[in-house]
Amino acid sequence: AIAKASLVNAEDNDLLFIAKRIKVLPEVKKLQHKLAKAEIENKIKEEILVLKEILKLDSNYKVYEQRLAQLEEILREKEYSSAIVEGYKHIENRDIVKANNVAQKAYIINPEGLELKDLFIKITDLKRDIDLSKNLKYANQSIKEDDWELALLYFSEAVKTDVRSKISQE
């Protein structure tokens, strides 16, 4: 029927539209089976890839566009939550560099995240705590080496670092 219609008017937009959809239909059907399997197995990333392939072949599946948007949002939220949890684990391990890298990743995903602000505060507190400990250690080491000028310098740095506590001031 399409071939006969194209003999009458080969440039008809509706005819070209239908012909294109029919041409890609076998591939779309294969992808729909992959999509169903990915959905059943709850493989979000795979489902996203298959949806993108289907929409690339035929962009008229509006339901798939909506599903794709939902899945991308779910994946984004999972990645954000995972980054926040990972950041706190690095803080527990006192690894500022890794904690900061993961926090930056979370910031890229969701710069307005409430948990993110707290994570950055914890990273800052950890850095301050590590700097304080390091300065006090070096100050005490300088005292043992009888280098009072260097000890004073490290104690001064400790005071600057630890403005909220009076431990280093005593």
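Axes are lines fitted to C-alpha atoms, for helices over the stretch in contact, and the angle between two axes runs from 0 to 180 degrees between N-to-C directions. The model shown in these views is predicted.

**View 1. Packing of helix α5 against helix α6.** Helix α5 (residues 96–109) packs on helix α6 (residues 114–144) at an angle of about 160 degrees, and their axes lie 10 Å apart. Angles over 145 degrees count as roughly antiparallel, and α5 and α6 are therefore roughly antiparallel to each other. The crossing in which α5 passes α6 is left-handed.

**View 2. Residues at the contact of α5 with α6.** From α5, the residues I96, A99, N100, A103, Q104, A106 and Y107 meet L116, L119, F120, I123, L126, K127 and I130 of α6. By class, this contact has 11 nonpolar, two polar and one charged residues.

**View 3. The largest nonpolar core.** This core holds 15 residues, of which L35, I48, L51, I54, Y61 and Y64 touch the most other members. Helices α2 (13–40), α3 (44–57) and α4 (62–92) each supply at least two of its residues; the largest share, six residues, comes from α3. Not counting residues up to four places away in sequence, L51 touches L35, Y64, R67, L68 and L71. A second, separate core has 13 residues, including V102, A103, L119 and L126.

**View 4. The surroundings of S142.** S142 is placed in helix α6. Its relative accessibility is 3%, so S142 counts as buried. Apart from neighbours within four places in sequence, S142 is in contact with D147, L150, A151 and Y154.

Conventions. Residues are numbered from 1 along each chain as its sequence is written. This is a predicted model: local features need pLDDT of at least 70, side-chain atom pairs count only at pLDDT 80 or more; totals for chains, interfaces and linings use all residues. Side-chain values use heavy atoms; hydrogens and water are left out. Helices (H or I, at least four residues) and strands (E, at least two) are DSSP runs, numbered from the N terminus. Angles under 35 degrees count as roughly parallel, over 145 as roughly antiparallel, 65 to 115 as roughly perpendicular and the rest as oblique. A crossing is left-handed if the near helix is turned anticlockwise from the far one by less than a right angle, and right-handed if clockwise. Contact means heavy atoms within 4.5 Å. Ala, Val, Leu, Ile, Met, Phe, Trp, Tyr, Cys and Pro count as nonpolar, Asp, Glu, Lys and Arg as charged, and the others, Gly among them, as polar. Buried means under 20% relative accessible area, exposed over 50%, partly exposed in between (1.4 Å probe, protein chains only). A nonpolar core is a set of buried Ala, Val, Leu, Ile, Met, Phe, Trp, Tyr and Cys residues joined through side-chain atoms within 4.5 Å.
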